[in-house]
Amino acid sequence: VYEGALGTTVTVIPVDSTVSVGFRSVIALIGEADGGEAPTEEPVPIDSARDAAEQFGEGSELADNLTRALRAGATSVFGVATDDDWEAAAEAAMDVAPRYVTPVTDTEGNIIEVHSVVEDRANILEFARVIAPTPDPIEPTEVNGAEPIAASDRLVEVAPKEFEDGTYVASALVGHASRQALGSSITYDELTFSGDLATEYRRDIAQNFERIAAVTKDGTITEGVTTSDEDAFADLFQVEIVDAVALGADEIAQNYAGQRPNTREARRALARDVRSFLSPLTSRRPPLLSDADGGPPFAVEASAESDDTVNLRVSISPVNVMKQIDIDLEVGSAVTFSGADT
């Protein structure tokens, strides 16, 4: 604290809240190999289709789906071979800190095992999501009422199930999603792929899916959604923003836990540091936090729950995107003034 000129005081406050969080573009595909050089349950970086064939066997299910992901735009890809121990393979995949994990399988039990590992790692703030195929093909007549295999903000189920060559559409979608910036929605994006879909949906049909990310016959992703039945955790890009905020708030809180006294001043400093982290997220282009009606995009409050416990309450409004625009075109008599000749 410095005494300035008459009537002024300058307080310099040390703020240890420089936090940089986000998600890398790493993805991991887990599946069965057919020969190749790669050991099982060990992440192997893959740069090309040739590399995938050498590591996991030419024509293997894992190699072919890795190629799908690469061709859809993935830039940092790992393959993990499994000998039917999907849980162990998922644990190995999580060790490379992936943004997304894709089980190359249509067996529901295998997908659930991989998802369980990802859910468990989230408990220690190692965040990822599973992007998986639907276990069974869903015909256009079956879209209404189609249910995902589980309700979770860490699971994205993709329909249609596969391409005509047998590779999974989820492998292409995970490649596309991995290269999107944090806060970028994949809804209505065009998915790059070669060949034909085994099941084709018109746009009006695909839009009837609920909690399943569907791709139309012309390659449009109708909505990038998780399988969660909670609206707040339905949009893939929004729940990733939530993860980023959770990571940042936790990193700041770790600077206080075990170090700072539980006093009103220290709690105010904690809340102030979290606000300093959140504030720039509202001014990014596009912002990560924003209220559609112009209200406050976040709120932070720290209070004493007991002598040694602080309750840090952080409320956020992840930015939303325009998914529906209703256009009213009024047709009738109109008079236009175009100026006057002089």
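This is a predicted model: local features need pLDDT of at least 70, side-chain atom pairs count only at pLDDT 80 or more; totals for chains, interfaces and linings use all residues.
Two packed helices are described by the angle between their axes and the distance between the axes. Helix α1 spans residues 49–56 and helix α2 spans residues 61–71. Their axes come within 9 Å and cross at roughly 160°. Angles over 145 degrees count as roughly antiparallel, so α1 is roughly antiparallel to α2. The crossing of α1 and α2 is right-handed. On the α1 side, the contact is made by Ala49, Ala52, Ala53 and Phe56. Helix α2 contributes Leu62, Ala63, Leu66, Thr67 and Leu70. By class, eight residues of this contact are nonpolar and one is polar. No charged residues take part.

Aromatic pairing was examined next. Two aromatic pairs were counted. In one of them, the ring centres of Phe163 and Phe193 lie 5.2 Å apart. Their planes stand at 55°, so this pair is tilted. Phe163 lies in the loop between β8 (155–159) and α5 (169–178). Phe193 lies in the loop between α5 and α6 (203–206). The pair therefore ties together parts that are 30 residues apart in sequence. Phe163 counts as buried, at 1% relative accessibility. Phe193 is partly exposed, with a relative accessible area of 24%.

Tyr201 and Phe209 also form an aromatic pair. Here the distance is 5.2 Å centre to centre, with 70° between the planes. The arrangement is edge-to-face. Tyr201 counts as buried, at 0% relative accessibility. Phe209 also counts as buried, at 6%. The cut-off for burial is under 20% relative accessible area.

Methods:
Residues are numbered from 1 along each chain as its sequence is written. Side-chain values use heavy atoms; hydrogens and water are left out. Axes are lines fitted to C-alpha atoms, for helices over the stretch in contact, and angles run from 0 to 180 degrees between N-to-C directions. Helices (H or I, at least four residues) and strands (E, at least two) are DSSP runs, numbered from the N terminus. Angles under 35 degrees count as roughly parallel, over 145 as roughly antiparallel, 65 to 115 as roughly perpendicular and the rest as oblique. A crossing is left-handed if the near helix is turned anticlockwise from the far one by less than a right angle, and right-handed if clockwise. Contact means heavy atoms within 4.5 Å. Ala, Val, Leu, Ile, Met, Phe, Trp, Tyr, Cys and Pro count as nonpolar, Asp, Glu, Lys and Arg as charged, and the others, Gly among them, as polar. Rings of Phe, Tyr and Trp (its six-membered ring) pair if their centres lie within 6.5 Å; planes under 30 degrees apart count as stacked, over 60 as edge-to-face and the rest as tilted. Buried means under 20% relative accessible area, exposed over 50%, partly exposed in between (1.4 Å probe, protein chains only).
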